[in-house]
Amino acid sequence: MSLMEEIGQRAQASGVPLSVHLDVTYRCNERCVHCYLDHDDRGEMTTLEIRGVLDQLADAGVFFLTFSGGEVFMRRDFLDLVEYARALMFSVKVKTNAFMIREKEAQRLYDLAVQEVQVSIYSHRPEVHDAITLLPGSLKRSLAGIRLLRSHGVKVIMANVLMMQNLNDWAGVRNLAEEFGAEFTNDPTITPMMDGNRSVLQLGLGVPQLHEVFRKSDLVGDVDEFCAPPPPVNDGTFDAYPCSAGHTLCYISPYGDVFPCVQFPLPSGNVRRQKFMDIWLHSDQLNEVRSITLRDLPVCSGCGHAGTCTRCPGLAYMEGNMRGPSTQDCEKSFARTGIPSANMHLKKYYPALHSSAPHGLVQIAVARPA
Amino acid sequence: MSPLYIARSVAVAARSLDGEMMIMSAKDSTLFTLNPVGTVIWQSADGQTPLAEIVEQKICAQFTVDPEEATRDAECFVNDLANHGILLISGEPISPAKPLNGGPR
């Protein structure tokens, strides 16, 4: 067991919220076609309110703090918030598009010993990246921001969301990351909008594209191991919790709403009206999330993929039932192994593993959903 | 022997979990956990209190240890942390660093 896993287990046993994801704004200068947020300001927490929340989080034992949005630099006080958080000794991660990072911002993020800055880069080609952000010149500006961060010694991760629109560009982004001395990560998960609108999911990869991506050793490592049929499920698996959401992690919106995770919009309290620890310890919603093990999932507990599935309870919740399957994760398990999930059998849903479209024709222009 | 002063580096993240410190270096993201004795030394590393005084007044008072052995172990420990860049050591008192004016919790 790694030290990180050991700390996670100890935090869970002690009821400590080890990690918090705090969105400081939903406002953004980009309009990414797949974004799950609206970008209005419906009454963001003030600087003083956020400082008060950070004090409470430090007292609660939170160690890993992610500042995200929206675009964090849309707030003029953002770097002051980072400074306050670092004074409280959080391990701070910042998610930004780096568009507004100049010399001053890069220097300050370095001085404040921020752990890492994650920047979404969708493609190495401006015409593809900018068509996703819907902001002309955004790739050029984001890369300029990354270059400044790196020149000041800030650790940068280039995050690449895999969609139909940029399916063939992940290797170009990975090469960019190498060139800039940044790390690279990618993920094919598209999240439904927080209001339940699922139209953005059509931008994500279909099963044939996932099947193809999961067979690239550059991305998944040992393909035979990654795509192997799932091993038999044992008793220990049935008693396992699905993920850290609500157990050692939670999400706080710019309006103070608390959820189990950024991808799990189950309203569990609001720090403007309640103390954070009262929500963390006594929220009926968080306690319900914590009570659920694999054994309690009516469909998934009978699925052969149960031991290896990446089932996201938040995606299941947005599909209608936090104890139900997450079809997106069923599709991933199917694309990996070629074995349909219990949910797919139930729905008699058997998508094709291979695309009939010739290779190279999957990169399409997609208009922003209304 | 001249006194040794120790201060926490500001380039780390730190938090107590079940009475033991978790410390992460911002330089290379290395994660450390300190045992209860190490945690007391870390929490006392204010840059103003000599290490010998920390050992005498905190370690020997809270743990059953031989003072000489505790001093030797403490010196090894702080040197080890200093080599990882998460603790500063000096023969003179160390001023509090800016802008991180809060303390670990």
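This is a predicted model: local features need pLDDT of at least 70, side-chain atom pairs count only at pLDDT 80 or more; totals for chains, interfaces and linings use all residues.
M89(A) has a phi near 70°, a positive value in a residue other than glycine.

**Backbone features in the loops of chain A**

- M89(A) counts as buried because 25 C-beta neighbours lie inside 10 Å, and the cut-off for that label is 20 or more.
- A113(A) is another non-glycine residue with a positive phi, here near 55°.
- The loop between helix 4 (103-111) and strand 4 (116-120) of chain A is where A113(A) is found.
- Buried or exposed, how does A113(A) count? A113(A) is buried, with 22 other C-beta atoms within 10 Å.
- G69(A) and G70(A) are joined by a cis peptide bond, with omega at about 20°.
- G70(A) belongs to the loop between strand 2 (64-68) and helix 3 of chain A.

**Helices 2 and 3 of chain A**

- The two helices pack with their axes 10 Å apart and at an angle of about 20°.
- Helix 2 and helix 3 of chain A are therefore roughly parallel to each other, since angles under 35 degrees count that way.
- The crossing of helix 2 of chain A past helix 3 of chain A is right-handed.
- On the helix 2 side of chain A, T47(A), I50(A), R51(A) and L54(A) take part, and they meet D80(A), L81(A), Y84(A) and A85(A) of helix 3.
- Sorted by class, this contact of helix 2 with helix 3 of chain A holds 5 nonpolar, 1 polar and 2 charged residues.
- L81(A), in helix 3 of chain A, is partly exposed, with 19 other C-beta atoms within 10 Å.
- Leaving aside residues up to four places away in sequence, L81(A) touches V24(A), T47(A) and I50(A).

**Helix 15 of chain A**

- How many of the 11 residues of helix 15 (residues 327-337) of chain A are buried? The count is 9, so helix 15 of chain A is mostly covered.
- Among the buried residues of helix 15 of chain A are D329(A), E331(A), K332(A) and R336(A), along with C330(A) and F334(A).
- The buried residues of helix 15 pack against helix 8 (207-213), helix 10 (223-226), helix 14 (313-319) and helix 16 (342-347) of chain A.
- Just after helix 15 of chain A comes G338(A), with a positive phi of about 80°.

**Where chain A touches chain B**

- The contact brings together 20 residues of chain A and 19 residues of chain B.
- Helix 1 (3-14), helix 2 (47-60) and helix 3 (78-87) of chain A each supply at least two residues of the side that touches chain B.
- Helix 1 of chain A gives the most to that side, with 6 residues.
- By class, the side of chain A that touches chain B has 12 nonpolar, 4 polar and 4 charged residues.

**The build of chain B**

- Chain B has 3 helices and 6 strands, in the sequence pattern β-β-β-β-α-β-α-α-β.
- The radius of gyration of chain B is 13 Å, which agrees with the value near 13 Å for a compact globule of 105 residues.
- Along the principal axes, the C-alpha atoms of chain B fill a box of roughly 35 × 30 × 25 Å.
- Of the 105 residues of chain B, 29% count as buried.
- Among contacts in chain B between residues at least 6 apart in sequence, 53% join residues at least 24 apart.
- Q48(B), in strand 5 (residues 46-50) of chain B, counts as partly exposed, with 14 C-beta neighbours inside 10 Å.
- The C-alpha atoms of Q48(B) and P93(B) are separated by 5.0 Å, although the two residues are 45 residues apart along the chain.

**Helices 2 and 3 of chain B**

- The axes of helix 2 (residues 51-62) and helix 3 (residues 67-83) of chain B come within 10 Å and cross at roughly 120°.
- Helix 2 and helix 3 of chain B are therefore oblique to each other, and their crossing is right-handed.
- The residues that meet include L51(B), V55(B) and I59(B) in helix 2 of chain B, and A70(B), A74(B) and V78(B) in helix 3 of chain B.
- The residues of this contact of helix 2 with helix 3 of chain B divide into 9 nonpolar, 1 polar and 2 charged.

Notes: Residues are numbered from 1 along each chain as its sequence is written. Chains are lettered from A and ligands numbered from 1 in the order in which they are written. Helices (H or I, at least four residues) and strands (E, at least two) are DSSP runs, numbered from the N terminus. The radius of gyration is taken over C-alpha atoms; the globule rule is 2.2 Å times the number of residues to the power 0.38. A residue is buried if 20 or more other C-beta atoms lie within 10 Å of its own, exposed if 12 or fewer, and partly exposed in between; C-beta atoms are placed from the backbone. Two residues are in contact if their C-beta atoms, placed from the backbone, lie within 7 Å. Ala, Val, Leu, Ile, Met, Phe, Trp, Tyr, Cys and Pro count as nonpolar, Asp, Glu, Lys and Arg as charged, and the others, Gly among them, as polar. Axes are lines fitted to C-alpha atoms, for helices over the stretch in contact, and angles run from 0 to 180 degrees between N-to-C directions. Angles under 35 degrees count as roughly parallel, over 145 as roughly antiparallel, 65 to 115 as roughly perpendicular and the rest as oblique. A crossing is left-handed if the near helix is turned anticlockwise from the far one by less than a right angle, and right-handed if clockwise.
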